[in-house]
Amino acid sequence: MSGCEPALQNVNSGVMARTLLAIYPQSPRRFDEMLTSDGEVRPHWRKFFEHLDQVDPEEMRRRLEFVDRRIQENGVTYNVYADPSGADRPWALDPLPLIIPPEEWAKVSAAVAQRAKVLNAMLADLYGEQKLLADGLLPPSLVFGQHGFLWPCHGIKPIGGTWLHNYAVDLARSPDGKWWVIADRTQAPSGAGYALENRLVVSQVFPDMFRDLNVQHLADFFHDQQDGLAALAPVEGDEQPHIVLLTPGPYNETYFEHAYLSRYLGFPLVEGQDLTVRGDTLYLKTLHGLERVHVILRRQDDDYCDPLELRGASALGIPGLLNVIRAGRVTVANALGSGMLSSGAIMGFLPAICRKLFGEELLMPAVGTWWCGEKPALEYVKKNFDDLVIKPSYPTQRMDPVFGFELKGAARVDLLQRIEARPHAYVAQEMVNLSQGPTWSRSHERRLLARPVGLRAYAVATSSGYSVMPGGLARVATGAGTRIISMQRGGASKDAWVLTDGPVSAFTMLKPSLGVRDLVREGANLSSRVVENLFWLGRYSERFDDSARLLRVTLGRLVEAGGGRTPVVATILELGKQLGVLPKPEEDTPVVAGSDHILLEAIYDPKQPGSLASNIRSLLWSATHVRERLSLDHWHSLNRLQREQQAALKAHPTLTEAIAFLDRVLGVSSSLTGFAMDNMTRDDGWRFLIIGRNLERLSFLAKTISQFVRMPKTNAPGNLEWLLELSDSIITYRSRYSRLPELLPVLDLLVFDDSNPHGVVFQASMLSRYLERMARDLDDYSGSNLPDVLSRLRAFDLASLEDIPLGEYVNCPSCLELADLLIELDRSAVKISEWLGMRYFTHVGDVSRQTMAL
Amino acid sequence: MMEKEPVRYHVVHQTTYDYGGNVSLSQQQLHLSPRILAWQRIVEQNIEVTPTPTWRRDGDDAFGNPVTWIAFHVPHDSLRISSVMSVEVIPHLPENLETSMPWEELRDRLAYTAVPPEPEDLDATRFLFESAHVRIKHELADYAADCFPPETPVLVGAEALMAKIFKEFKFDPEATTVSTPVMEVLEKKRGVCQDFAHLMIACLRALGLSARYVSGYLLTRPPPGKPRLIGADASHAWVSVYAPGFGDNWVDFDPTNNLLPNTEHITIAVGRDFGDISPLRGIILGGGGAEPEVEVTVTPLDEEELPEGLEERLSTLPEEAEKP
């Protein structure tokens, strides 16, 4: 923007501004974030508005596409990633930020910090002396009546007296522009990671604005979180604080965020079974043994954390954790038992509690809340039912908020009866007319839409009080009249830009400056579960590649034969069956394109064991468990694979389409191989991934070739060709021998040639080398007979395979001798896999059980 | 009032797990040591564990019950825990139940009013609400309604409720498990002592009264002329009802036997329900089956000798303990 032609520009922008606002209604019932009641753009929005006004529509479209692409490719999801039912919803982000001026934020921030302080003091009291109850400041039913109040935690004093390390609060603005508290989040607040991801995307959509408006950065906040947790680590001697992020696993709706924050904060992502209690100490099970853990940043609900004393049937927890906490040997953030303060019923008692504990008034009011457990409140609720939202009192109750006026007839009578029967379990809240803010319309050309917005703000405990994130997760409703904003119900999110008059902190967590002594070479703290999942990621990557190849070869021959069952097709089908890639075929089913023929099922049906689809699913599943260790590009490829498969599930593919699908899938497969070989650091974890691939390929090749040799009726021309194609060696063969394939050169290439990565000897000797390396690095010997079998294979007399007629292999003793050697090789591969499992893995399937005696 | 001569007991509570395979890691929480009460003195008490645990901690739980945690870090294929105690129980049968407070008055006293509650009332509210094994439904209040007509003294109502449950429910160890919900017990009209205790507690709480779950042992009498058998007894459960001014403000009722516990009930622990004070609760990794064998032997010391064989078994217990 230069000031050369101010007059003209003003005219222009005036016209265009009217287009921007053409379908942006103002309402006296709502506060507008961007416009004053006179329709003027508020000062702190002015620059941004003008910018929007000037962006070329085409450019804006490109930016929106950028947002969508980033979200899709980064796999930012709200719910489950590799959900067995295939559900996967991308995170919804509106590119326009919610802008908040400095002086206003100063007030919000002080109020949030104060609230966190009060709630922390309440937890200290309720899990200790319980003076608040003795003084009548809080009804016992809101404490003792909640399943969220964890009695086994009573009497525990966490390190530093901090119960509430992470706090989030949902805020909304009333028509007069005042901020109100809608809900407190004290369990394991989610969203800070999404806020960060939103920031990374939106600051790239509006880079100039982000710089020019002096938007406060988020990195300091996360640094405070790191420091705050490290300060509470009960380290001994020269121990470094070892902080882990505990996730309930990929089924959790915010798992993306757990993996994301784990990478960003540098805290290993662990599941309950990665941790183990020995005596008074908590350990992480790693490849190199047990390593002490000092701090758990938990994203798992508190009652699931220790099956010994809390919810017993849960396999997610860490048995004995409470005793480690009692001994003061670990910090759990938030402290176990903190979730109970998320109860909406408690909000109404907070002002008096704040006065009593700190002699202060609460800086920000909460929306009017009536806890039905008090008689006068119950009467009020019954009388004003239409103006209220009814919610459960306790966070553990399963009930969606209900709008009184929406409830008619029997449903209304029913709810009123339920309230009457257990009044303490219900709370009513005043309905809030949320403020509205602009969102960018995707269905119109340069139009803003007015949508209700709310803000989730975050605070973390530090040694000098609570630090509040300058910004937060802004959320917008999808419809103009929507009353509840919920990501579960299809709401969208926004970045929140808090402006500052001062300098913007340049601190960044992305490229911290490290000294030589901070350098880390090997992946320390590699958990056994991560190793196990990397191993399986390797195996499944190779397994799905192998089966895709076999299926492609089969389909190709079938289509060439016009769908007929030629001898070659029969041989391949037989092999596929023996290898478990194809189910037992019904002999005389005619092969019809588009029918649900076994081949299509073997490709697309995830329920069929051994099918390509089920291998892809297992691959994604193990990848999801090690998500934080895969590069973004690696992840993009996996995403593409999942999209391909989901798309294919919906269509009814023909055989030709199926071949095209296999081509695409194999393309993804080779890029996955590329990432594994070229982009991953060569640490122990990587070695397990490669050993997994190795074992799988060795097994596949050994089994394929020995089966092939033993099969009768393989004399049809073309059988050796597909065998070469299956092993991706046809090009090499043709470049070496310009004639039709014959058994001896084919076996030389597929078994003995130690320069062919699709050859048996190549894979076996590589595996042998990795085992040697493990013996050296981890001081551990597999005792495998692989080197012995390998040397016998190498010593095999190739001359004995000369002049064997086509298809006569079953009658050739040296062929059978070779087949036996290959089977032996396969068996030692299986043994190695078992040994690795016994020695290094957590045994994801082997879960703790509860026992009980009277 | 007769003079209050204590009755002395010797109790052995032995639990054996034969895991049928190696358990590589195990942690156990024990609620096996008796609680001290105004009418109960602990003369001697000891818990012996085989194999020797790798780790052990003793303490009190949030409800003031003694609790022991043990852990095993080395493979073992069986576990034997013997809790041995001698206790004295002083007669404490409450009298004049009809002088207790009308139940509505007590209910209103326990309800929140924004004024500081009496300390004992606040203490009692810990046992006033739902807990994991005691869900509160209005059907439960309906079931108890005819035992609590208006103005009924709370302990009279509780006694009537106990009698009603005793009359209408059948003792049937096959009908339920520890996780059978109260509502199902109410429907089936069958169960064991834990079920009847939970049901009675749920009914009382549904009316707005405080009631707690008591675990312990009950003296059983062998048939006339027959010797007492080792391990023939079992752990028992009953109910304690809040009644300010009576005893230690709590009065026990045993709905399984329709009687007010006196000197034949030995108390181990009190809690909101079974879940707070289950005698032995653990998490194990590995092993096959995990069905415990439980033997309880309660012997009155003043009346007779120890059952034949018990003495020898006890003396051999600790020495037998093997190092893993």
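The questions and answers below go through a predicted model and the definitions behind the words used for it.

User: What should I know about the numbering and about the kind of model?
Analyst: Residues are numbered from 1 along each chain as its sequence is written, and chains are lettered from A and ligands numbered from 1 in the order in which they are written. This is a predicted model, in which local features need pLDDT of at least 70, side-chain atom pairs count only at pLDDT 80 or more, and totals for chains, interfaces and linings use all residues.

User: How do you know what confidence the predictor has in chain A?
Analyst: The value to read is pLDDT, the predictor's confidence in each residue, from 0 to 100. Its mean over chain A is 86, and 90% of the residues reach 70 or more. Over residues 1-13 of chain A the pLDDT is below 50, and this stretch has 2 contacts in the model beyond near neighbours in sequence. Residues 80-87 of chain A also stay under 50, with 20 contacts beyond four places in sequence. A contact means that the C-beta atoms of two residues, placed from the backbone, lie within 7 Å.

User: Why is A:Leu473 called buried?
Analyst: A residue is buried if 20 or more other C-beta atoms lie within 10 Å of its own, exposed if 12 or fewer, and partly exposed in between, with C-beta atoms placed from the backbone. A:Leu473 has 28 such neighbours inside 10 Å, so A:Leu473 counts as buried. Its place is in strand β18 (residues 473-476) of chain A. Leaving aside residues up to four places away in sequence, A:Leu473 touches A:Gly191, A:Tyr194, A:Ala195, A:Arg456 and A:Ser493.

User: What makes A:Gln707 partly exposed?
Analyst: A:Gln707 has 17 C-beta neighbours inside 10 Å and therefore counts as partly exposed. This residue is found in helix α21 (residues 684-710) of chain A. Helices (H or I, at least four residues) and strands (E, at least two) are DSSP runs, numbered from the N terminus. A:Gln707 touches A:Leu575, A:Gln578 and A:Leu579, not counting residues up to four places away in sequence. The C-alpha atoms of A:Gln707 and A:Ala819 are separated by 7.5 Å, although the two residues are 112 apart along the chain.

User: Why are β5 and β10 of chain A said to stand at the edges?
Analyst: Two strands pair if DSSP finds at least two bridges between them. The open sheet has 4 strands in the order β5-β4-β9-β10 (chain A), with parallel pairing. β5 (269-270) and β10 (331-333) each have a single partner strand, so one side of each is left without a neighbour in the sheet. Strand β4 (residues 243-246) of chain A is joined to β5(A) by 2 bridges, and A:Leu245 stands opposite A:Leu269 in β5(A).

User: How do you know which strands are at the edges of the sheet in chain B?
Analyst: The order of this open sheet of 4 strands is β10-β9-β8-β11 (chain B), with antiparallel pairing. β10 (250-253) and β11 (265-271) of chain B each pair on one side only, and they are the edge strands. Direction ignored, neighbouring strands are turned by 35° against each other on average. Strand β8 (residues 211-218) of chain B is joined to β11(B) by 6 bridges, and the bridge partner of B:Leu218 in β11(B) is B:His265.

User: How do you know which residue classes meet where α15(A) touches α22(A)?
Analyst: Ala, Val, Leu, Ile, Met, Phe, Trp, Tyr, Cys and Pro count as nonpolar, Asp, Glu, Lys and Arg as charged, and the others, Gly among them, as polar. A:Arg549, A:Leu550, A:Val553 and A:Arg557 in α15(A) meet A:Trp722, A:Glu725 and A:Leu726 in α22(A). By class this contact has 4 nonpolar, no polar and 3 charged residues.

User: What makes up the contact of chain B with chain A?
Analyst: Chain B gives 37 residues and chain A gives 33 residues. β12(B) gives the most to the side of chain B that touches chain A, with 6 residues. That side of chain B has 23 nonpolar, 9 polar and 5 charged residues. Strand β20 (residues 849-853) of chain A and β12(B) pair in the antiparallel sense over 5 bridges, with A:Thr851 opposite B:Gly282.

How values were computed:
Axes are lines fitted to C-alpha atoms, for helices over the stretch in contact, and angles run from 0 to 180 degrees between N-to-C directions.
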